[in-house]
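This report describes selected features of one protein model. The sequence and structure come first, followed by short sections on selected regions.

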Amino acid sequence: MTSADIVAAKRPPSGIFARPESAFADSGQAHNEERPVLVIDLGGQYSQLIARRVREARVYSELVGHRLTAAEIARRKPAALILSGGPASVYAEGAPAVDEGLFALGVPTLGICYGMQLMARDLGGAVERTGVSEFGKTELETTESELFHHLPPEQTVWMSHRDSVTAPPSGAEVTASSPSTPIAAFEDRARRLYGVQFHPEVVHTPHGQEILKNFLYEVAGAPPTWTPAAVIEEQVERIRATVGRERVLCALSGGVDSAVAALLVHKAVGDYLTCVFVDHGLLRENEAEEVVETFSGHFRVPLVHVQAQERFLSRLAGVSDPEEKRKMVGEEFIRVFEEEAQQLGNVRFLVQGTLYSDVIESGGMDDGVAAKIKSHHNVGGLPADMRMELVEPLRLLFKDEVRRIGEELGLPERMVWRQPFPGPGLAIRIVGDVTAERLSILRRADAILLEEIRRADLYRDLWQSFAVLPAIRSVGVQGDERTYAYPVVIRAVTSEDAMTADWARLPYEVLEAVSSRVINEIPGVNRVVYDISSKPPATIEWE
């Protein structure tokens, strides 16, 4: 075991969590999560982005499924509802719908694109396919209204629709139009129902965030109290209520997620927390040593370093299916933690740094709205017979929010801004069987890439940059001889929250340096390729 110091210094909050003057300070005030803005997912590609934009306005939001009943929604006592966009036509068979009773709840409701059309249809308006579509940037003319208050009467917005509202609901006033869409927005102030045909959540709508703020602040009266300090206070209180004076184990990976989770739990329970770092042999070059060294310098909690390289490699032998890899790594992690818990005594709780994006992608939302993209080892990969109870203080947070909280807690910059690294590690960056030889090749290729990325001062500009090793071979020529060796794939993306991502336009000289070094320095590699796929349709990781 090692000991270290928890940094207690508080830094001025910044970015999406900048604290307003009327800061959350009264301990008797309701939690942010007790009056959420619920974003109802109707299948739109930007549904998660809407939830993030609401949080950027410092208002707590959650993404929920469209199958929730009006009664279930009412029990959440939402401050507001937002109906997302979606690819379907509201008249198509099986198209997503909502309980029409939610429009009678008296809760301020904003429909976006498909959400606006659904609202119009359900309230007696008309939606038709007019034969005129709008995709991309469109010029909008607005009237003075609550949504467009203090905004230019003419502005650019982002449209993406084939159907249009051709008659607003009774009592609704048309407040915006475009050359192809006479009814581009409407408001029913008496019933507090609002609709916009365009997408205010995307950056291509320059005044979109101001429109959302008008809805949140002026219409819904939602206070901007979603700040790092508020999140810390709320989570510490919840952890104490859950854990009491029980022993707690923290699954520590060295990344910002588990580090912030550990700090929050330690703030709540103090020395009842023990961190366990499992070296599963699937880490990057020198990463295990760096994790132990870093935590030795910044934490005052006991740290147990478990060497389990052979155990995990043996478990993964012959396994090529990515879902099986994730589940095996997740289960083996839990088994190691359970063994360590037994040695420490009666430990009831296990802390994980699970994020909201992990839950969504694993199809783990309570109402099943999210399609399962892949199982994250700490969500879909958990064994059914796990004996410890989970504590997940970051489960409703996106990555950028976790980083702001880490800064507020005083984590050093190199930990806060460490690029995400999956729990199953290099196992899911080898496309095929995981072997010691392939791990060695991939580990070195990844190290070379990161060295060149840092040398070019691009590390902070990228969400992730890493190497992938497909378990295939291709023909090459080196030293006038034929080779039959592995290719290495380079992946680098930009993103805000990992829900969507774009491939990074790395300078040619950086790519050339990486390619030259990988091929010349790593035996068994004769080809380097660059992945230029965005998410969607691809995912960031290959498996």
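## Helix α1

Which residues in α1 are buried? In this predicted model, S47, Q48, L49, I50, A51, R52, R53, V54 and R55 of α1 are buried. Helix α1 spans residues 47-56, and nine of its ten residues are buried, so the rest of the structure largely encloses it. Just after α1, R58 has a positive phi of about 70 degrees.

## Nonpolar cores

The largest nonpolar core contains 92 residues. Within it, V260, V278 and F337 have the most contacts. Helix α6 (residues 256-269) contributes the most to this core, with ten residues. With neighbours within four places in sequence left aside, V260 is in contact with L394, V402, I405, G406, L409 and L411.

Another core, of 36 residues, lies apart from the largest one. Its members include I50, L140, A184 and Y356. I50 is also one of the buried residues of α1.

## Packing of α5 against α11

Helix α5 covers residues 228-243 and helix α11 covers residues 399-409. Their axes come within 9 Å and cross at roughly 85 degrees. An angle of 65 to 115 degrees counts as roughly perpendicular, and α5 and α11 are therefore roughly perpendicular to each other.

On the α5 side, the contact is made by P228, A229, V231 and I232; on the α11 side, by R404, I405, E408 and L409. By type, the residues of this contact are six nonpolar, no polar and two charged. I405 and L409 are also among the contacts of V260.

## Loop residues

T181 sits in the loop between β7 (173-177) and β8 (185-188). Its relative accessibility is 0%, so T181 counts as buried. Beyond its neighbours within four places in sequence, T181 is in contact with E134, H161, S164 and Q197.

Two loop residues have positive phi values. H150, which is not a glycine, has a phi of about 65 degrees and lies in the loop between β5 (126-142) and β6 (154-167). At 70% relative accessibility, H150 counts as exposed. R192, also a residue other than glycine, has a phi near 60 degrees and is found in the loop between β8 and β9 (193-196). R192 counts as partly exposed, at 33% relative accessibility.

K535 and P536 are joined by a cis peptide bond with omega of about -15 degrees. A cis peptide bond also joins P536 and P537, with omega of about 10 degrees. P536 is in the segment after β20 (525-530), and P537 lies in the segment after β20 as well.

Conventions. Residues are numbered from 1 along each chain as its sequence is written. This is a predicted model: local features need pLDDT of at least 70, side-chain atom pairs count only at pLDDT 80 or more; totals for chains, interfaces and linings use all residues. Side-chain values use heavy atoms; hydrogens and water are left out. A nonpolar core is a set of buried Ala, Val, Leu, Ile, Met, Phe, Trp, Tyr and Cys residues joined through side-chain atoms within 4.5 Å. Buried means under 20% relative accessible area, exposed over 50%, partly exposed in between (1.4 Å probe, protein chains only). Helices (H or I, at least four residues) and strands (E, at least two) are DSSP runs, numbered from the N terminus. Contact means heavy atoms within 4.5 Å. Axes are lines fitted to C-alpha atoms, for helices over the stretch in contact, and angles run from 0 to 180 degrees between N-to-C directions. Angles under 35 degrees count as roughly parallel, over 145 as roughly antiparallel, 65 to 115 as roughly perpendicular and the rest as oblique. Ala, Val, Leu, Ile, Met, Phe, Trp, Tyr, Cys and Pro count as nonpolar, Asp, Glu, Lys and Arg as charged, and the others, Gly among them, as polar.
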